[in-house]
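Here is my note on the model you sent. Keep the sequence and the structure open as you read.

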Amino acid sequence: MNRVSDVLIVGGGIIGLSLAIELKLRSVKVTVLSRNFPEAATHAAAGMLAPQAEKIPPSPMLDLCLQSRSIYPDWIRKLEEITGFETGYWSCGILAPVYHAGEQLLTDKFWLNQEEIQQHQPGLSSEIVGGWWYPDDGQVDNRALAHVLWMAAQQLGIEVLEGVAVTEFVRENGRIKYVKTAVGDWQAERYVLATGAWSQELLPIPVYPKKGQMLSLRVCSSPQPLNQVLFGDETYIVPRKDGRIVIGATSENVGFTPENTAAGIQQLLSGATRLYPPLKNLPILEFWWGFRPATPDELPILGTSAYENLTLATGHYRNGILLAPITALLIADLLEKQSANSLLGHFHYTRFTEN
């Protein structure tokens with residue numbers, strides 16, 4: 001039996017690593033068991049920080065997202081100071097163009113009419129009738145962030161065991177006694193489930209995979225023609241400072257079916273080139289896919305579980321990158337201080353079990 005004295009985090013994606021780092025900085029001994037780091041949803045994201053562009057209605061979810069966005073700059077600064085590596089964080093703003101008249105709210109301070117939006121971003125489709133400009137939204141390079149989180153965990157001395165898949169939570173008297181893996185059993189005082197789309201393999205909670213296909217293009221000239229994210233009805237276009245342009249994403253209920261498909265890539269290219277026609281002339285750099293952890297209401301599952309020493313941090317769906325810092329903060333507080341922020345109650349697993 002492998003013994004971990006404080007906290008064992010099952011899941012080594014952005015949520016698991018962010019929480020591990022937060023706990024380690026509070027002097028908590030923590031171990032992370034990571035099934036397959038390259039398959040984490042972190043790698044499938046575009047890294048948008050878009051609570052306003054996503055048009056999340058006034059709700060606890062919007063409050064959670066806005067809080068996380070507000071602490072993002074300090075969180076990124078801390079990670080970059082620990083590692084010496086950059087995450088590609090860019091408070092570039094997000095432009096959300098629309099094709100159809102009647103969608104706009106002319107009294108909305110964020111609204112740009114057709115002339116204004118074309119001045120704001122030259123080259124947009126002539127079909128665009130206007131759109132919203134959200135200057136406080138932004139992006140982070142999700143792959144760079146994943147690398148920085150991994151490096152920060154290493155430099156802080158966190159034990160991260162890659163390729164170790166938990167197969168079972170062994171339970172006794174309303175508690176988790178230990179976890180089983182193919183390479184041995186692990187025991188801790190407290191456990192955290194942060195396995196994203198794979199969560200239902202270990203607990204009967206409604207988290208399931210939503211496949212997302214993505215691609216990237218390469219800008220052949222300087223400077224980058226896009227200075228902000230374009231968030232359209234059919235697609236989003238995310239420019240990187242290094243000259244890449246990321247295009248995403250499909251949302252497919254196909255379980256864990258792998259690989260890119262012709263239909264998926266065609267959908268992405270069609271939507272992106274309609275929104276911003278200059279993309280038609282750029283070379284394709286890469287295709288990839290991943291699995292986002294969805295729930296029936298598309299909200300995360302956070303907080304205590306049916307087991308006294310097991311905490312849940314999963315089901316972030318489209319907002320895992322955005323919600324990583326606030327999830328780490330609130331779950332660390334819950335574990336360390338046994339105090340639950342009032343927001344956590346809105347994301348408790350029992351919302352799916354109550355009549």
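Which residue takes a positive phi just after helix 2? Gly84 does, with a phi of about 80°.

1. Ground rules. This is a predicted model: local features need pLDDT of at least 70, side-chain atom pairs count only at pLDDT 80 or more, and totals for chains, interfaces and linings use all residues. Residues are numbered from 1 along each chain as its sequence is written, and side-chain values use heavy atoms, with hydrogens and water left out.

2. Helices (H or I, at least four residues) and strands (E, at least two) are DSSP runs, numbered from the N terminus. Helix 2 has 24 residues. From its first C-alpha to its last it reaches 33 Å, close to the 34 Å expected at 1.5 Å a residue. The expected span is 1.5 Å times one less than the number of residues. Look at Tyr72: helix 2 has a kink of about 45° there, shortly before the proline Pro73. The bend at a residue is the angle between axes fitted to the seven residues ending there and the seven starting there.

3. Helix 2: buried side. Buried means under 20% relative accessible area, exposed over 50%, partly exposed in between (1.4 Å probe, protein chains only). The buried residues of helix 2 include Met61, Leu64, Tyr72, Trp75 and Leu79. What do the buried residues pack against? Their partners are helix 1, strand 4, helix 4, strand 19 and helix 6. Contact here means heavy atoms within 4.5 Å.

4. Two strands pair if DSSP finds at least two bridges between them.

5. The hairpin. Strand 19 and strand 20 form a hairpin with 5 residues between them. They pair in the antiparallel sense over 4 bridges. Thr304 stands opposite Thr311, and Leu302 stands opposite Ala313. Strands of a sheet pair through backbone hydrogen bonds, either parallel or antiparallel.

6. Salt bridges. A salt bridge is a side-chain nitrogen of Lys or Arg within 4 Å of a carboxyl oxygen of Asp or Glu. How many does a search of the whole structure find? It finds 17. One of them joins Arg77 and Asp74 (2.4 Å, N to O). These two are 3 residues apart in helix 2, so about one helical turn separates them. Arg77 is partly exposed, at 42% relative accessible area.

7. Asp141 and Arg244 meet in a salt bridge (2.7 Å, N to O). Asp141 lies in the loop between strand 8 and helix 4, and Arg244 lies in strand 17, so the pair ties together parts 103 residues apart in sequence. Both Asp141 and Arg244 are buried. Arg175 forms a salt bridge with Glu308, with the closest N and O atoms 3.4 Å apart. Arg175 is in strand 11 and Glu308 in the loop between strand 19 and strand 20, 133 residues apart. Arg175 is partly exposed at 32%, while Glu308 counts as exposed at 65%.

8. A network. Glu22, Arg26, Lys78, Asp333, Glu336 and Lys337 are linked by salt bridges into a network.
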